[in-house]
Amino acid sequence: MKHNNIAKLIMYFFLLFILGCQQFNNQLNNEPDGLTSVSVDDTIQDVSPYEGDVFIGDAGDRFGTDEFALNSASIDGDTLNVNLSYSGGCETHQFTLVASNSFLESFPVQLPIYISHNANGDTCEAYPTEDYQFDLTQIKTLYQEAYRQEAGTIILRLKDAPNIDLVYEFTM
């Protein structure tokens, strides 16, 4: 009988020890009674767009030919902003804006461009949607050298968005 009471007492202290450890752990993690909560303020949100490279000239397949979906495109100042989706998620993907090195003569002039995608062999099946920015100052410089004018307007003809008029206007 005495051994039975000692066993019960040891079990009681063991149970108190376990509950005390759990309570202490919750206090360390700032969790009330074992509950975990996360607020928007607790997470770090990276909402800045990725920077894509710009190439002027005949690129061929040099920068990749992997598929993607162009969701939207717009110009703000000297920046082309695009939102795109692609299959992958395990490797780093690279997007390059490729521009022709010659303008189509019209008023205003037009410039064929396209976005090249290199998935780096990514076979994952996630479908991320991301924002990318491309700096258009190389295209502005190409125009300024070709037409010897500081200010101008170029209609960028984006291959993947034939129905979107991308009007790139700039001054000095």
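**Exercises on a disulfide and its neighbouring strands**

The structure holds one disulfide, a pair of cysteine sulfur atoms within 2.5 Å. The model is predicted: local features need pLDDT of at least 70, side-chain atom pairs count only at pLDDT 80 or more, and totals for chains, interfaces and linings use all residues. Residues are numbered from 1 along each chain as its sequence is written, and side-chain values use heavy atoms, with hydrogens and water left out.

**Exercise 1.** Determine which cysteines form the disulfide and which parts of the chain they tie together.

*Solution.*
Step 1. The partners are Cys90 and Cys124, with sulfur atoms 1.6 Å apart.
Step 2. The angle about the S-S bond is -90°, and the link of Cys90 and Cys124 is left-handed.
Step 3. Cys90 lies in the loop between β3 (79-85) and β4, and Cys124 in the loop between β5 and β6 (129-135), so the pair ties together parts that are 34 residues apart in sequence. Strands (E, at least two residues) are DSSP runs, numbered from the N terminus.

**Exercise 2.** State whether Cys124 is buried, partly exposed or exposed.

*Solution.*
Step 1. Buried means under 20% relative accessible area, exposed over 50%, and partly exposed in between (1.4 Å probe, protein chains only).
Step 2. Cys124 has a relative accessible area of 23% and is therefore partly exposed.

**Exercise 3.** Describe how β5 pairs with β4 and with β7.

*Solution.*
Step 1. Two strands pair if DSSP finds at least two bridges between them.
Step 2. Six bridges join β4 (residues 94-99) and β5 (residues 109-118) in the antiparallel sense; Phe95 stands opposite His117 in β5.
Step 3. β5 and β7 (residues 152-158) run parallel, joined by five bridges; here Pro112 stands opposite Arg157 in β7.

Technical notes. Helices (H or I, at least four residues) and strands (E, at least two) are DSSP runs, numbered from the N terminus.
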